[in-house]
Every structure is written in structure tokens, then in C-alpha cells.
Amino acid sequence: MIKAIEVIKMRKDIKHLIDNYFFSKSLLAEALEVCPKVLSDLIDKEVMPQDDKFMSLLTKIDMIKLQIQQAEEYDPND
């Protein structure tokens, strides 16, 4: 995995999640268990996250995306 490329994808995922599901950086930051400044720096200032924070964010974003997919496919009649 090339970190710089994964960060580009991560930024796009974060922007998509904020625009379509969480509606604010604060709400998404809470779900990712980071302070809002981390997301602001990552998106607005294009700061490269430290390796430990990067892996944590990557894992949590993937989990949120999976949960959203499951929620959208959920049929209460099943």
C-alpha cells in the first residue's frame, strides 16, 4: 500500500461521508473517535496523518462504509 495514494482515497471517502451521511466534520470525527481538528487538517490543509493515526482512520472508515452499505441493503421484512 502506498500511503500517499491511500490518503487521497481517504480524503474522498471522508468528504463523501460528511456530505451524504454525517453532515459535519464534528459528527464524523466523533464516529471515528478523533478530534475534529484531525479531519480538518486532513481535508483542508492536506496534512499527512502519522502512521498509527492513518491505520486507525483507514480501518474505522472502512467499517463505517460497510455499516452504511449494510444499512442501505437492510430490509425490515426479512
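Me: In which helix is L27 found?
Reply: Please keep in mind that this is a predicted model. Helix α2 covers residues 25-32, and L27 is found in helix α2.

Me: Is L27 buried, partly exposed or exposed?
Reply: A residue counts as buried under 20% relative accessible area and as exposed over 50%, with partly exposed in between. Because the relative accessible area of L27 is 45%, L27 is partly exposed.

Me: How far apart in space are L27 and K65, C-alpha to C-alpha?
Reply: In sequence, L27 and K65 are separated by 38 residues. In space, the C-alpha to C-alpha distance between L27 and K65 is 15 Å.

Me: Which elements give two or more residues to the largest nonpolar core?
Reply: This core holds 19 residues, and those touching the most other members are M10, I14, L17, L28, L32, L39 and I64. The elements that give two or more residues to the core are α1, α2, α3 and α4.

Me: Leaving aside neighbours within four places in sequence, which residues is M10 in contact with?
Reply: M10 is one of the core residues that touch the most other members. Beyond four places in sequence, the contacts of M10 are L42, F54, L57, L58 and I61.

Me: R11 is buried, so which side chain of opposite charge is nearest, given that a salt bridge needs a distance within 4 Å?
Reply: R11 has its place in helix α1, and a polar atom of its side chain lies 3.4 Å from the backbone oxygen of V47. R11 is also in contact with L42, E46 and V47, neighbours within four places in sequence left aside. R11 has no salt bridge, and the nearest side chain of opposite charge, at 4.8 Å, is E46.

Terms used: Residues numbered from 1 in each chain as written. Predicted model: local features only at pLDDT ≥ 70, side-chain atom pairs only at ≥ 80, totals over all residues. Heavy atoms only, no water. Core = buried A, V, L, I, M, F, W, Y, C linked by side-chain atoms within 4.5 Å. Buried < 20%, exposed > 50% of the residue type's maximum accessible area, 1.4 Å probe, protein only. Helix = DSSP H or I, 4+ residues; strand = E, 2+ residues; numbered from the N terminus. Contact = heavy atoms within 4.5 Å. Lys, Arg positive; Asp, Glu negative; His and termini not counted. Polar contact = N/O pair within 3.5 Å; in protein donor to acceptor, adjacent residues only side chain to side chain.
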